[in-house]
Amino acid sequence: MKPEAVILLFSGTKPRHAPLLDSAVRAVHDAGLAAVCVAPSKVALSGGEPDAWGVYRPGAGHEDRVIEAAHEASGPFRAVRVISLFEDDVRAAATLREQLGVEGLTVEQSIYFRDKNAMNVRAAELGLRTAIWTLPHTKNHVRQFAAEHQYPIVIKPYDGVSCTNTYKVTSDEELDRTWPLLQAQRHDYRVEAFIHGKQFHVDTMVRDGEVLFESVGEYTAQILENWQDAPMGSVTHPATGVHREMLDAARTVVTSFGLRTGIAHTEFYLDDEGTLTFGETAARMAGAWVPSMYRHAYGIDLAYDSVRAEVEPGYTPAGDISGCTGASYLWSSATGRIDRITDADSLSALPYVCHVEVNKAPGDVLPPVVGTRGQDLGHVVVAGKSPAEVSENLRDIHTRFSVLTTNVP
């Protein structure tokens, strides 16, 4: 009889992504199962190698290549679970489950977690308030939408990941400049009225519909208002008042969309009038600074605990979420060759710092800031007695962190 295995779909491309796969592989092995990793390249892991690799060539036809590599690599095993660690593999994972007869999110259900058009309609059917939106059939249609609902508007891929190819448009003139970037692929996009207010993320881990872990965090700035201008981060809030409402709404969305076992990352907006609006949801763990924040502040390893809980029915995460924490990218608008950069040791010495990583050193070259990710200089995790204190601690970090560069040809 073939040994039982878990197929892990991993599309991470940066050094900071490797620990996520490392944790997932350890979770599978600790549950007594074989781990089959499917990725665009093999990744060096510190906690033990997977039992098999499926390597595919990235690019066009991504989903088909992932599925083909997964079938080939998992041949010697009997797959019992297929888990996507990144959003762009959610539908491939669902397709594999149906092909292999493995339980979990189906292709039909996965559409609600990937197609933001279907996602918003389904959320509205569940009684959630959603952003006003339309499809960009013509530039004039988009212009009329903006005239009715006022600039700014947001134009983004209906199945996008993070803020890739997302545009915040503030005027007719800016629409004229933006339209050529999407006109040939206009039916891959959607248009939303911009929501003024605060932006939140909710991370929900469930098994058989029961919540094993949940947390709500407020972004330090709304992502599209902060575009390329300052470090991004988030601060956790206790589960009271409107934050409890967010947790409950996320649970409703996640389980009603079909995710009974697994982990999801859901976003909400709280506008200036105090109205809660559903943003979007994804059937995968949070990315960016959030896993490190939970690991070092709560004792929750999102990759390890979510995978272990999914593949081992008796496993329950043991983290403590009673404290208030925050995390942020370390960021600079500087470009050029680094002459001096604040080191991790000096920041670690601060009493409120839980963890800090600085990924750059003198001699490294910083390109211009792109998107919300900046130059990936590192990140910091801090604690405090209240969300306000945590926010103040993050601001203090950013006044202390500096980068001095020299322009290069």
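1. Arg-244 comes out as partly exposed, with a relative accessible area of 25%. On this scale buried is under 20% relative accessible area, exposed is over 50%, and partly exposed is in between, using a 1.4 Å probe and protein chains only. The residue is part of helix 8 (residues 241-257); helices here are DSSP runs of H or I with at least four residues, strands are E runs of at least two, and both are numbered from the N terminus. Leaving aside residues up to four places away in sequence, Arg-244 touches Glu-214, Ala-239 and Arg-251, where contact means heavy atoms within 4.5 Å. Val-216 is 28 residues from Arg-244 in sequence, with 8.4 Å between the two C-alpha atoms.

2. A word on the ground rules: this is a predicted model, in which local features need pLDDT of at least 70 and side-chain atom pairs count only at pLDDT 80 or more, while totals for chains, interfaces and linings use all residues. Residues are numbered from 1 along each chain as its sequence is written, and side-chain values use heavy atoms, with hydrogens and water left out.

3. Asp-271 is worth a look. It belongs to strand 12 (residues 262-271) and is buried without a salt bridge; Arg-129, the nearest side chain of opposite charge, is 4.7 Å away. For the record, a salt bridge is a side-chain nitrogen of Lys or Arg within 4 Å of a carboxyl oxygen of Asp or Glu, and in the charge count Lys and Arg are positive, Asp and Glu negative, with His and the chain ends not counted.

4. What does the side chain of Asp-271 reach at 2.9 Å? That is the backbone nitrogen of Glu-273. A polar atom of the Asp-271 side chain also lies 2.8 Å from the backbone nitrogen of Thr-275. Beyond residues up to four places away in sequence, Asp-271 touches Ile-195, His-196 and Gly-197.

5. Strand 18 (residues 378-384) is mostly covered, with six of its seven residues buried. Strand 14 (residues 324-329) pairs with strand 18 in the antiparallel sense over six bridges; pairing requires DSSP to find at least two bridges between the strands. Within this pair, Ala-327 has Val-381 of strand 18 as its bridge partner. Strand 16 (residues 353-358) is also antiparallel to strand 18, over five bridges, and here Glu-357 stands opposite His-379.

6. There is also an open sheet of three strands in the order 17-15-19, with antiparallel pairing. Strand 17 (365-366) and strand 19 (403-406) stand at the edges and have a single partner strand each, so one side of each is left without a neighbour in the sheet. Strand 15 (residues 336-341) and strand 19 are joined by four bridges, and Arg-337 has Thr-406 in strand 19 as its bridge partner.

7. On to helix 1 (residues 18-30): its 13 residues reach 18 Å from first C-alpha to last, close to the 18 Å expected at 1.5 Å a residue. The expected span is 1.5 Å times one less than the number of residues. Its buried residues include Leu-20, Leu-21, Asp-22 and Val-25, and their cover includes strand 1 (4-9), strand 2 (34-39), strand 3 (52-55), helix 9 (290-298) and helix 10 (302-311). Gly-32 follows helix 1 with a positive phi near 85°.

8. Helix 3 (residues 90-100) has buried residues too, among them Val-90, Thr-95, Leu-96 and Arg-97. The buried residues of helix 3 pack against strand 1, helix 2 (62-73), strand 4 (78-84) and helix 4 (107-114). Just after helix 3 comes Gly-101, with a positive phi of about 70°.

9. The peptide bond joining Tyr-151 and Pro-152 is cis, with omega about 0°. Gln-150 is found in that loop as well and has a positive phi near 75°, though the residue is not a glycine. Is Gln-150 buried or exposed? At 57% relative accessibility, Gln-150 counts as exposed.

10. Ala-288 is another non-glycine residue with a positive phi, about 55°. Ala-288 lies in the loop between strand 13 (276-282) and helix 9, and counts as partly exposed at 26% relative accessibility.

Methods:
A polar contact is a pair of N or O atoms within 3.5 Å; within protein, one must be able to donate a hydrogen and the other to accept it, and residues adjacent in sequence count only if both atoms are side-chain atoms.
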